[in-house]
Amino acid sequence: MVQYNFKKITVVPNGKDFVDIILSRTQRQTPTVVHKGYAISRLRQFYMRKVKYTQQNFHEKLSTIIEEFPRLDEIHPFYADLLHVLYNKDHYKLALGQINTARNLISKIAKDYVKLLKYGDSLYRCKSLKVAALGRMCTVIKRIGPSLAYLEQIRQHMARLPSIDPNTRTILICGYPNVGKSSFMNKITRADVDVQPYAFTTKSLFVGHTDYKYLRYQVIDTPGILDRPFEDRNIIEMCSITALAHLRAAVLFFLDISGSCGYSIAQQAALFHSIKSLFMNKPLIIVCNKTDLQPLDGISEEDRKLVTEMKTEAMKTVIGQGGEPENEEGVLLTMSTLTEDGVIAVKNAACERLLNQRVELKKKSKKMNDCRNRFHVALPKPRDQKERPPCIPQAVLEAKTKQAEEEKKRKTEKDLEEENGGAGVYSASLKKNYILASDEWKEDVLPEILDGHNVYDFIDPDILLRLEELEREEGLRQAEEEADDFEMDGEELSPEEQEALAEIRKKKNLLIQQHRMKKSTAESRPVVPRKFDTDRKFTTKRMGRQLSTLGLDPSLAINRARSKSRGRKRERSVERGEADGGDTMDIDGNQESKKLRLRSMSRSRSRSRPPITEVVPGEGLKDSAQKSYSYIETKAPVLWETFHWKDGQALRHEIKLCSGGERSFTFSIFAALMFSDIDVDLVARRLQQLLPLPKTGLPPLPQPTIPTVLKPGLLPPFPSIPNLSSAPKVTLPPLSSFP
């Protein structure tokens, strides 16, 4: 059976994308480097390869398009006519024909230019021929751009077509718009067709599937058809006509007897008679829908007469030739999709009639005659008038009779539950399966106390003897387990061996304790890998030599570096533990303190620096003013190099002081003096005394124009900060020249 799957058709690119795909592939898959010094045969081969490869790619792509699109002469007539209705087969064939012509032209162009490349006499001539060949191929592809775009639109629309098998069991629903076709399909299948109270809600074919007698049936919902000439019908109606004409299916003609669809019964009957030629040799059922609004018995005589005529015509569409009427059952049915009254009956009648027709057609085919010739049924001829019934042993008959009686009499717990009130009322008895001497004892109640004694104490008279046996058996098993668990003790050893055993046990306990401590501190112990000094270039000896050349004593630095080394870490941890008040764990044993692994201690939080003008206890300063003066005196050389003076302006500049090359901070002289009671004139005179002018001829310090005492909020606005890069460089005098 042929399967039509239009979703697998390859995407058709447009003309520009087609050219880009092929040329980029040629560029990637063929050599790209060529030199003038190559032999002329090598140059010819280089460019011939590019032309041939491009032609092969064009040929493969175009051949794929031609082969994957269905040929209307080779597919089922239903799909051929459907494609003609949707796309116009003349335009479709013309587009595919242009693709085929372009493929032949490209092959011819490649063949001609390969011949010309064989006689190329230089690199320039071969390259020009290659460019001309590829250009003509691309021109051919660009000329068929509209055909490629048309085929791509057809491919997208065909991919959305329903997958209809023309050869399987099919039920076809047809009729006027808005008569209940889609509602019926939603009831009997899992399809979800849009249902709205207006005409032509369904604009294309919809497919669903249902089951009947373990067989799968295909249900097709068609768009509504109007009673008008064939030439005036649109594409939506022609889809329904195509399905009725080519599909071998059971046809359900829906009739709205209530008239709520907007069309009278007379109009629907006229449509039936106009398309009844499409119903020949197909099981036809007339379905009177919407009986919840108008019963069939309540219609007028004229409408009843029209329905009877339609029923008569439906009886003529029978199996076989001649059109003789068949059984009237299953020809005219009533139902209501709203109340679901008669829906399953219509479905079963359609499936049954279709199944009977297919069976009859197979019986009349030549294939059935071939199958009958393979079978032979042997019938024995009677030799006399004596009857010979089948002989069945008596034991077998009795066993069958007994089994039948048991099956009839036997009741399950489910049956008993239903007979005695159902779930929640009936409670199954667990005593009926007890194995006792008499079945009457099963439901007896066992007393707990009898004559003042516990009944359970006298159920087993030998219970004490059995208990003693169990205790004896348990003692024997415990003795066997103790014999199996051998433990070395000191009673069987000599004094020397006992001392050795004690030492071993002591050493074992110490190792276990050390391992536990090591494991508990492993996660918090810092490990710093030495990745920066793999060649051992940075040593304490080298540092000592360099510091000695600078005139510094390297002993303190070397000692500090050694104290920071990894080998001294445990000694430091012991000292820190002692300094912290002995919070570390005490360990029994005679091991040296430097080998002990103590509990790792967390690092304390770094403290924030106080403001520059704040007096810290221990500095030896009286107040914030004295600290500011001392700070200016100590930082004067640095301030001198970075300050920039200008006439008529206040001193304002940010200075970056570096400490050890590791930390940096920004300091502003006015920010430091802003929150303290300092005489700015006094500060300026002190700076002049501390920093005499060098020989470079810097101007003297101007008198400050800001308030004498700075308070928060009294700072005047400053002018723009000058660019230090443009300031003149000053050669500082040696530090010894300062007082």
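Phenylalanine 253 is buried, and phenylalanine 272 is buried too. The model is predicted. In it, these two residues form an edge-to-face aromatic pair, with 5.2 Å from centre to centre and 70° between the planes. Phenylalanine 253 belongs to strand β4 (residues 250–256) and phenylalanine 272 to helix α9 (residues 265–274), so the pair ties together parts that lie 19 residues apart in sequence.

**Aromatic pairs and cluster**

- The whole structure holds 11 aromatic pairs.
- One of them joins phenylalanine 46 and tyrosine 47: the ring centres are 4.9 Å apart and the planes stand at 90°, so this pair is edge-to-face.
- Both phenylalanine 46 and tyrosine 47 are buried.
- One aromatic cluster is made up of Phe6, Phe78 and Tyr79.

**Charges over rings**

- Arginine 42 places its charged end over the ring of tyrosine 38, 3.7 Å from the ring centre.
- Tyrosine 217 has arginine 169 over its face, at 5.7 Å from the ring centre.

**Nonpolar surface patch**

- On the surface, Ile392, Val396 and Leu397 form a nonpolar patch.
- Together these residues have about 220 Å² of accessible area.
- Isoleucine 392 is placed in the loop between α12 (366–372) and α13 (394–409).
- Is isoleucine 392 buried, partly exposed or exposed? Its relative accessibility is 42%, so isoleucine 392 counts as partly exposed; that class runs between the 20% limit for buried and the 50% limit for exposed.

How values were computed
Residues numbered from 1 in each chain as written. Predicted model: local features only at pLDDT ≥ 70, side-chain atom pairs only at ≥ 80, totals over all residues. Heavy atoms only, no water. Phe/Tyr/Trp six-rings, centres within 6.5 Å; stacked < 30°, edge-to-face > 60°. Buried < 20%, exposed > 50% of the residue type's maximum accessible area, 1.4 Å probe, protein only. Helix = DSSP H or I, 4+ residues; strand = E, 2+ residues; numbered from the N terminus. Lys NZ or Arg CZ within 6 Å of the ring centre and 35° of its normal. Patch = residues over 30% accessible without salt bridge, like charges linked within 9 Å, V, L, I, M, F, W, Y side chains within 5 Å. Areas by Shrake-Rupley, 256 points an atom, 1.4 Å probe, with all protein chains shown as cover. Salt bridge = Lys/Arg side-chain N within 4 Å of Asp/Glu carboxyl O.
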